[in-house]
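Please look over the sequence and the model shown here before reading on.

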Amino acid sequence: MNIEETRDVERRVRGHAALADSTRLRVVDRLCVSDASASELGALLDVPSNLLAHHLKVLEQAGLVARRKSEGDGRRTYLTLVRDAMPAAASPVIAARPQRLLFVCTANTARSHLAAALWRTASPIQAVSAGTLPGERIHEGAVAAARRQGVDLPVVPPAPLAEVQRRGDLVITVCDRAHEELNGADWAHWSVPDPVGGGQAAFDHTLEVLAGRVHDLAPRLRAAA
């Protein structure tokens, strides 16, 4: 076994060892679906902050969890899975059976439209998008990125959340500000950086990140009967 293979085995051992604890596995189960702050995780899992901090440190040291500062409330940090490092068996079963997914960002000009477009290619469950403070039009950078990757992105006007949301929608926020504005009313949160102002590479990266999230979730989420 060469050095690279040895390091890979050691990394995998650390990952499996980190998951051999019920609390840490519950943390990973939640982060498989939704990014979250430490306080959100603690409240959801009913774990004291000092104990949760210990478990998060173990997961971070194993390379399974990373942190990203919120683009909304700069005092808040979101925990997210390092998905390439996760053992395949770590994916939880999801009980939700929605009629429709609603992807939400603030302006509804890029991330939420891209997420809904990607979802439509991956799942029979209907997907729409909306904004908490809609802009005037879909950003040309999002349209161009979708075109480069062959994603069908309908160019429709951004829509306000209050007009789009239906009873029973599974709401997924794809920007930190929208998540913080909804204050727990979303089903899941994907902490995806805003590509606006970052040029072509930023929009391509956003599309790649969202595609990975959709690829992870779609096979485990079934439509309502």
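**A cavity and its lining**

Helix α9 supplies three residues to the lining of the largest cavity, which is the largest share. Helices here (H or I, at least four residues) and strands (E, at least two) are DSSP runs, numbered from the N terminus. The model is a predicted one, in which local features need pLDDT of at least 70 and side-chain atom pairs count only at pLDDT 80 or more, while totals for chains, interfaces and linings use all residues. Residues are numbered from 1 along each chain as its sequence is written, and side-chain values use heavy atoms, with hydrogens and water left out.

A cavity is a set of points, on a 1 Å grid over the protein atoms alone, where a 1.4 Å probe fits but cannot get out, and its lining residues have an atom within 4 Å of a point. Grid points are joined across faces, edges and corners, and a volume is the space filled by probe spheres set on the points. Counted in this way, there is one cavity of 30 Å³ or more, and the volume of the largest cavity is about 40 Å³. Its lining is made up of Cys-32, Val-33, Arg-83, Trp-190, Arg-213, Asp-216 and Leu-217, with α2 (22–33) and α9 (199–217) each supplying at least two of the lining residues. Sorted by class, the lining holds four nonpolar, no polar and three charged residues, where Ala, Val, Leu, Ile, Met, Phe, Trp, Tyr, Cys and Pro count as nonpolar, Asp, Glu, Lys and Arg as charged, and the others, Gly among them, as polar.

**A threonine in a loop**

Thr-109 is found in the loop between β4 (100–105) and α5 (111–122). Thr-109 counts as buried because its relative accessibility is 13%, buried meaning under 20% relative accessible area, exposed over 50%, and partly exposed in between (1.4 Å probe, protein chains only). Leaving aside residues up to four places away in sequence, Thr-109 touches Gly-135, Arg-137, Ile-138, His-139, Ala-142 and Pro-158, a contact being heavy atoms within 4.5 Å.

**Cysteines without a bond**

How many disulfides does a search of the whole structure find? The search finds zero, a disulfide being a pair of cysteine sulfur atoms within 2.5 Å. For Cys-105, the closest cysteine sulfur is that of Cys-175, but the two are 5.4 Å apart and therefore too far for a bond. Cys-105 counts as buried at 3% relative accessibility, and Cys-175 counts as buried at 2%.

**Charged pairs**

Side chains of opposite charge can pair when their charged atoms come close. A salt bridge is counted where a side-chain nitrogen of Lys or Arg lies within 4 Å of a carboxyl oxygen of Asp or Glu, and the count comes to 11. One of them joins Asp-169 to Arg-100, with the closest N and O atoms 2.7 Å apart. Asp-169 lies in the loop between α7 (161–164) and β6 (170–173) and Arg-100 in strand β4, so this pair ties together parts that are 69 residues apart in sequence. Asp-169 and Arg-100 are both buried.

Arg-137, which is among the residues that Thr-109 touches, forms a salt bridge with Glu-136 (3.5 Å, N to O), and here both Arg-137 and Glu-136 are exposed. In the salt bridge of Glu-60 with Arg-67, the closest N and O atoms are 3.1 Å apart; Glu-60 counts as partly exposed at 28% relative accessibility, and Arg-67 counts as partly exposed at 43%. Finally, a network of salt bridges links Glu-71, Arg-111 and Asp-194.

Definitions and conventions: 1 Å grid on protein atoms, 1.4 Å probe; cavity = no way out; pocket = protein on both sides within 12 Å on 5 of 7 lines; lining within 4 Å.
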